[in-house]
Structures are given as structure tokens and as C-alpha cells.
Amino acid sequence: MRRVVITGLGTIAPNGIGKDAFWDACVNGVSAAALITKFDVSKMPSQIACEVKNFNPADYSLTPWEIDSLDRHAQFGLAAAKQAIEDAQLDLATLDHDRTGVFMGTTNSAPDTFERVWEDVTNKGELSMIGKQLPKEFSYALLSNSAAMSIAIHYGFHGPSIVVSDACSSGVNAVDQATIAIRDGVCDTALAGGTDASITPMGLDCYCVLGAVSRRNDAPTKASRPFDRDRDGFVLGEGSAVMILEEYEHAVKRGATIYAEIMGIANNTNAYHMTALPEGGGPLGQVILEALRRGGLKPTDVDYLNAHGTSTQLNDKSESGAIKAAFGDHAYKLAVNSTKCVIGHTQGAASAHQLIVLCMSLRDQIIHPTINQENPDPECDLDYVPNTAREARLNVVMSNASGFGGFNSSIVLRRLT
């Protein structure tokens, strides 16, 4: 089997743009949560989010057309892709573009453009759209594959261009598709990850109706508190994370720096409920074991797990149960954390942001803290690396993702020594 490694990282995150700024904020427990500035939230029960600030698409070599026509999520993806290409030191002049693919995950595609255009054209619903001239960005927003398409067109990559939309599992499942393409010999190189820009009035309102988001409007940075007894929901986030995946020999031949080797990826479905998880985690525990089996590893080989960790009552309890079911006694020796405590829930980019964290953890041998772990929950009784970063000897690390609709995914990475 052809081995697959990660050689480049790019990220647009609410608490830092670029892998180093993002990682520094994570290690230091810097939360990006604040009152929303993009739109009026005065009538919303939840008024906070983790917005990406100071993002200028022109800083990432986007063309005037891309700046004028693409939705924010596609621009995030292009910016993260540029960072990843530069980080991997890919020579685009010698790279085989026919054997380079683009695989991107997204949950909502382009809600920012849809809602903004609808409000402008209809005067917030007072007028009909019939007969109106729609702006050109609306046409491109209709294409749910715009994130992958935009990257492929920008760089002229002729390999597969695929978008995966599996809710919060989208990013890691896009990486799975890229890994399969490389192992099957279709690609030697792939850009893979996730992107979303879903902090919008309708999106926030829907999550408020579901009761899924935190209402700690008076203390935004304390709002996302995974596995804490007093958690009351997640905080919306946005951003993108893109990785360069390569066939191992291809990477070695060009002298690439290798962050990690992808050992095993697995996904399944709860087939239980649109939003709720089964008691004890159910299939999530099974998918953890399947990812390990595919990587030829045992539960006791894992040093650290980056959890889905949304900060909702049900998810954190169920995921803790799934971890205990999969790892047995080793669950209590395992370091577990959640990145959503500092960047919120970045939707289709969430599991891709978690992979950036795994790679940086392997590089620096540090686990970032789960901040706001102040009041232990007896039903969440694992080692969640509370409040302070921790040095650790890390060789095998994992990440979980669980999405609305019952999607579960797990991925295992290994440090090459």
C-alpha cells in the first residue's frame, strides 16, 4: 500500500491566521469568542461567535475576480491552500498538475452570500426576487463545489476536484478521499481540508432554536467549555484548514518536511437521530477502533486524542462514553482535549482544524489545553488537559468528528522518527 504523509499546513482560524499564529493561540488558551460584529444580534438569545478578523483576501494572491465574485468560505479555502503550498515548499513549476487533486469539506457552502444577496435584492423580504438582476457572486454561490473548484482553477490542478459535505465530519472525510486517491495511485499530491463561513443571521437563529449554542453573552471567552459540568452549548466559528498530502516516496524524493503519516481513517453513521447521539457514544466508539485497525495499531498505542468536544451536554457525555468503550482502561491514561474551546465550532472546517492541531502537537510535543475546565462533570471523567498546555511524548495521535445526521469519523496519525 502506498503510504500517505502530510507535508504542508495552512489555516485561517478565528484565533490566528497561519499555522504558527493559530498554534500559539491554542497553546496559550487564547479564545476568539466575542460579541458578533457582522450583523445585528440584539434580538438573538445567543450573540457571540468566533469570527475571523482582519482577513484580507488580497494578501493571499487572490485575483480581482476571486475577490469580487467568490463567497467568503471559498476565499478562506484559497488563502489556506496558498499557505499550505508555501509551507510544503511545493515547486508548482515542476509539480505534476495532472496528478494533483483538491479535496475540500464544507457544511454549508455559501450561506453568507445567499443571505446577503437575498436581503439586498428583496429589501429583507419586502420584495420578490422574480425579475431582479442577481449579482454575479450569487451564481457562483449556487455551486456547492466552489471551494475545491476555486483552488483547482487558481493553480491549474487537473486531478480529482471533490467536495465532501458530511456536516462536522466534512474536513476529515475530505482528507480520507484524498488519502484513498493517493493510495490508489490516482494522485501523488493532494490539497485536502475544510472550509466554512457560516456565521450568518439564519445560521445562528437555527442553532438558537435547536438550543445548541451557548448563551453566555456576558462572558464570551468563557462560553465554550467542553466537558465542563456547566457547559451550555457550542460557539459558532468560521475559517479554513488545508493540508498538503503526498505519497511518501514522492515527499522523500523532493526532501519535504513530513509532519505526520496518515495511518488509518474510518467513518460510519449512527443511523439514530439527526442531532442526538446514542447513549454511550455507540458507533463513535466503533469507528475509533476501526481507524486503529486500518492503521495496524492497538488502543494502547495512542498517546493523545483530539476530541470532537462541542461543549454541549449530550455530545460531551456521549463522546466520553465512546472513548471509554473503545480504549477501556487506557482511556484514563489518554490525554484528551478539544480545540473548539478556543476557536468555536468551525463547521466543515472543524475536523480539518483538529488535524492541524495534531500535526503541530507531533512537531512540538505539546498538547494544548481545554480551557474553561473549571467544574468537573462526573460523567466526563477523563484527562481533558484542563486549562494549561502540557508537554508530552507523542508518537501516535487521533482525532474524532461527529456531525449532524449521525456522521462519525476518526483518523490516526503517526510521527515519523
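Analyst: Two strands count as a pair if DSSP finds at least two bridges between them. Helices (H or I, at least four residues) and strands (E, at least two) are DSSP runs, numbered from the N terminus. What you see is a predicted model, where local features need pLDDT of at least 70 and side-chain atom pairs count only at pLDDT 80 or more, while totals for chains, interfaces and linings use all residues. Residues are numbered from 1 along each chain as its sequence is written, and side-chain values use heavy atoms, with hydrogens and water left out.

User: Which residue in S9 is the bridge partner of Gly 10?

Analyst: S1 runs antiparallel to strand S9 (residues 239–247), with eight bridges joining them. Across that pairing, the partner of Gly 10 is Val 242.

User: And how many residues of S1 are buried?

Analyst: Buried means under 20% relative accessible area, exposed is over 50%, and partly exposed is in between (1.4 Å probe, protein chains only). S1 is largely enclosed by the rest of the structure, because the buried share of its residues is 10 of the 10.

User: What stands opposite Ala 266 in S16?

Analyst: S10 also pairs with strand S16 (residues 407–414): eight bridges, antiparallel. In a regular strand the side chains alternate between the two faces of the sheet. Opposite Ala 266 you'll find Ser 410.

User: What is the bridge partner of Ala 34 in S4?

Analyst: S3 and strand S4 (residues 48–50) run antiparallel and are joined by two bridges. Within S4, the partner of Ala 34 is Ala 49.

User: Let's look at Ile 199. How far apart are the C-alpha atoms of Ile 199 and Ile 48?

Analyst: Ile 199 sits in the loop between strand S7 (189–196) and helix H8 (201–210), and it counts as buried because its relative accessible area is 0%. Leaving aside residues up to four places away in sequence, it touches several others (contact means heavy atoms within 4.5 Å), including Ile 36, Phe 39, Ala 49 and Leu 236. Ile 199 and Ile 48 are 151 residues apart along the chain, yet their C-alpha atoms are separated by 9.8 Å.

User: Now Gly 348. How far is it from Ile 12 in space, C-alpha to C-alpha?

Analyst: Gly 348 has its place in the loop between helix H12 (340–343) and helix H13 (350–364), and at 0% relative accessibility it is buried. Among the residues it touches, not counting those up to four places away in sequence, are Gly 105, Ala 167 and Asp 196. In sequence Gly 348 and Ile 12 are 336 residues apart, but in space the C-alpha distance is 13 Å.

User: What is phi of Ser 311 near?

Analyst: Ser 311 lies in the loop between strand S11 (304–306) and helix H11 (313–327). It counts as buried at 0% relative accessibility. Its phi is positive even though the residue is something other than glycine, with a value near 85°.

User: And what about the phi of Asn 372?

Analyst: Asn 372 is in the loop between strand S13 (366–367) and strand S14 (390–391). It's buried, at 4% relative accessibility. Asn 372 is not a glycine either, and its positive phi is about 70°.

User: Zooming out, what is the radius of gyration of the protein?

Analyst: The radius of gyration is taken over C-alpha atoms, and the globule rule is 2.2 Å times the number of residues to the power 0.38. For 417 residues, a compact globule would come out near 22 Å, which agrees with the protein's value of 20 Å.

User: Last one: what share of the residues counts as buried?

Analyst: The protein has 13 helices and 16 strands, and its C-alpha atoms fill a box of roughly 65 × 55 × 40 Å along the principal axes. Of contacts between residues at least 6 apart in sequence, 79% join residues at least 24 apart. As for the 417 residues, the buried share is 60%.
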